[in-house]
Amino acid sequence: MSEENRGLLETFENQHPQRDYEIEISVPEFTSVCPKTGQPDFGTITITYIPEALCVELKSLKMYMQAYRNQGIFYENVTNVILNDLVSCLEPRWMQIRAEFTPRGGISSTITVEHYSETPPDELTVI
């Protein structure tokens, strides 16, 4: 399904590629389905990136995110899939996806994944 979802993403040219600047996009109404229980999962997805040549078009991003509404997928997987799809389309200098899921059964989860176009600085390397 990732390739099908990825096809929804559109881009536009970064008009300031000579400058490092951060774009932060919040998706406060993200919904998917727990593949084990079939129960809905709700969360906030925050996308932060430093663009290279391309930026993501927001309406297409909204349609991409809505495509997960009925998809059974674990928190950790969907966070990594979103990162993989956006990196594939945008090839950013740096990107972070932070997925904060609302509590269910008294437990909440936050998943954070990052992409670097080059090897990250030593102080940021997680072992």
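A: A pocket here is an open set of grid points where a 1.4 Å probe fits, with protein on both sides within 12 Å along at least five of seven lines. Its volume is the space filled by probe spheres set on those points. The model is predicted.

Start with the space. About 150 Å³ lies in the second largest pocket. Now the lining. Cys34, Pro35 and Asp41 belong to it. So do Ile73, Phe74, Tyr75 and Glu76. Arg104, Ile107, Ser108 and Ser109 complete the list. Two elements give two or more residues each: α3 (75-90) and β6 (107-116). Of the elements, β6 gives the most, with three residues. What classes make up the lining of the second largest pocket? Six residues are nonpolar, two are polar and three are charged.

Now set the largest pocket beside it. About 260 Å³ of space lies there. Its lining takes in Ile25, Val27, Pro28, Glu29, Phe30 and Thr31. Leu58, Leu61, Lys62, Met65, Gln66 and Arg69 line it too. Here the elements that give two or more residues are β2 (23-33) and α2 (58-66). β2 gives the most, with six residues. By class, this lining has seven nonpolar, two polar and three charged residues.

So much for the two linings. To recap the requested part: the second largest pocket holds about 150 Å³ of space, and β6 is the element that gives the most to its lining.

Note on methods: Residues numbered from 1 in each chain as written. Predicted model: local features only at pLDDT ≥ 70, side-chain atom pairs only at ≥ 80, totals over all residues. Heavy atoms only, no water. 1 Å grid on protein atoms, 1.4 Å probe; cavity = no way out; pocket = protein on both sides within 12 Å on 5 of 7 lines; lining within 4 Å. Helix = DSSP H or I, 4+ residues; strand = E, 2+ residues; numbered from the N terminus. Nonpolar A, V, L, I, M, F, W, Y, C, P; charged D, E, K, R; others polar.
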